[in-house]
Amino acid sequence: MQDTGEVADRRAAVCVIGAGASGLAAVKNLREHGFAVDCYERETSVGGAWNQRHHRSPVYAGTRLVTSRARTEFPDFPMPDTWPDYPDHTRLLSYLERYCAHFGLAEHIWFGTEVVSVVPAGDGGWDVTTQSPGGGASHVQRYAAVVVANGHNWAPHLPEFPGADEYRGRLIHAAMCKDPAQLRGRRVLVVGGGNTGCDLAVAAAQHATEVWHSTRRGHWYGPRYLAGRPVDQVQARLLRRRVPSPLRRWLYRRALRLVVGDLTRYGVPRPGRRPDPGHPVRNGQLAEYLHDGRIVAVRDIARFDTAGVTLADGRRIEPDLVVAATGYRPRFEFLAPELLDTDAEGRPDLHLHAFARQHPTLAVVGLLEPDAGLLPLAHWQSVAVARWLRLYATDRARAAQVQRRESTRKPRSWSARGTGSAWCAVESTRYLRVLEDLLTRLETA
């Protein structure tokens with residue numbers, strides 16, 4: 001990497017990293033709060049994970065929302081009423097493109113530009129080094145603050161399965177499974193019980209000759225609809241009516257028993273006592289295909305051999321394609337780990353999963369696994385970040401008072417870390433209430 005040796009001072013401007021959904025929300029709300037903004041996007045267009053043309057996108061042909069349109073859209077930019085309740089990825093991309101155009105965000109985005117380094121520059125400022133993804137000369141610019149919105153579903157996590165190096169079939173991560181043609185005529189083992197694993201198991205059942213679905217633990221597999229309404233809208237209605245949490249869980253559990261039934265008779269591991277409050281697994285077709293035998297539930301993998309897989313219960317199967325829907329790891333290669341208090345697994349320790357604890361001018365937007373749509377949360381996160389940066393820039397003494405009070409807040413009121421939940425899982429409604437409380441204090445500080 002060739003450094004030009006010059007640092008261009010952007011003074012009070014804010015650097016936003018990434019032009020996916022969260023990055024676009026950050027640019028918009030920072031601009032509305034009076035900040036100059038430079039957004040850097042390594043790809044040549046917006047959309048982030050929802051743009052299948054992007055090299056790092058995890059989107060496959062059948063990807064669609066698992067949360068309903070009404071609970072996924074930005075609060076100040078509704079999706080068309082004519083769209084289905086659960087739009088597919090092509091509609092989501094067009095929605096983000098129209099959001100960008102409507103608020104005039106493209107003029108603040110540097111496309112085809114990758115951030116390779118972000119380092120503290122003193123007095124809260126940051127030196128941001130950028131270059132073309134293909135290499136070439138680098139450029140350093142100094143910013144008053146940095147907002148990271150590079151997403152957390154682009155760096156595949158592929159476990160080290162024993163014996164995998166001996167296997168003569170094909171083992172791929174779900175991120176590499178883009179087209180149903182890859183499944184056609186194959187004997188497919190899908191590993192992973194989350195939404196991606198369930199969706200790919202269903203897709204394989206429609207194209208492959210034989211399908212196994214391996215999960216380590218039991219899940220509550222929910223339908224997308226209850227009583228003819230998107231299930232997350234039903235849950236939101238119960239919340240608005242202040243139905244107590246134990247009663248809500250009991251009603252949902254009973255509804256799942258009636259609609260989905262007991263899947264343990266097909267070999268699916270028994271789920272926990274109550275539905276996980278984290279990111280929901282919603283796939284009505286999975287139960288149907290288990291019922292009619294088009295998907296066979298199996299245990300987790302014990303080891304590979306040259307021709308197949310031995311499962312934890314001793315059973316042996318011989319797939320010729322194994323698709324590992326085993327998730328993604330957060331990656332912030334341009335930041336030193338200590339800046340976000342990152343642990344050995346790459347997980348940062350942030351206040352409200354957004355604010356760096358030791359650096360008041362460094363924030364992350366969109367690092368959440370909510371039980372409803374991410375976009376509303378990214379919107380209000382970025383509003384909170386913008387208001388915080390405005391207060392920090394104008395009155396640091398009062399900003400310090402807010403920071404001290406916030407440091408005592410515990411995550412119990414909004415975290416959704418149940419068994420198997422993602423480390424950044426949140427209950428959306430409660431999380432938004434905490435953000436609303438913070439926004440009120442920032443408004444009056």
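In which kind of crossing, left-handed or right-handed, does α7 pass α9? What we have here is a predicted model.

Let's start with the helices. Helix α7 covers residues 374–394 and helix α9 covers residues 428–444. They pack at an angle of about 20°, and their axes are 10 Å apart. Since angles under 35 degrees count as roughly parallel, α7 and α9 are therefore roughly parallel to each other. And the answer to my opening question: α7 passes α9 in a left-handed crossing.

Who takes part in the contact? From α7 we have P376, L377, W380, Q381, V383, A384, R387, W388 and L391. Facing them in α9 are S428, Y431, L432, L435, L438, L439, L442 and E443.

Now over to a sheet. It is an open one, built from 3 strands in the order β17-β18-β19, with antiparallel pairing. The edge strands are β17 (301–304) and β19 (316–317), each pairing on one side only. Between β17 and β18 (residues 309–311) there are 3 bridges, and I301 stands opposite L311 in β18.

Last stop, two backbone details. D341, in the loop between β20 (321–324) and β21 (350–351), has a positive phi near 50° although D341 is not glycine. L352, in the loop between β21 and β22 (355–356), also has a positive phi, near 55°, and is likewise a residue other than glycine. Buried or exposed, where does L352 fall? L352 is buried, at a relative accessible area of 1%, whereas D341 counts as partly exposed at 30% relative accessibility.

Thanks, everyone!

Conventions:
Residues numbered from 1 in each chain as written. Predicted model: local features only at pLDDT ≥ 70, side-chain atom pairs only at ≥ 80, totals over all residues. Heavy atoms only, no water. Axes fitted to C-alpha atoms, helices over the stretch in contact; angles between N-to-C directions. Helix = DSSP H or I, 4+ residues; strand = E, 2+ residues; numbered from the N terminus. Parallel < 35°, antiparallel > 145°, perpendicular 65-115°, else oblique. Left-handed = near helix turned anticlockwise from the far one by under 90°. Contact = heavy atoms within 4.5 Å. Pairing = 2+ DSSP bridges. Buried < 20%, exposed > 50% of the residue type's maximum accessible area, 1.4 Å probe, protein only.
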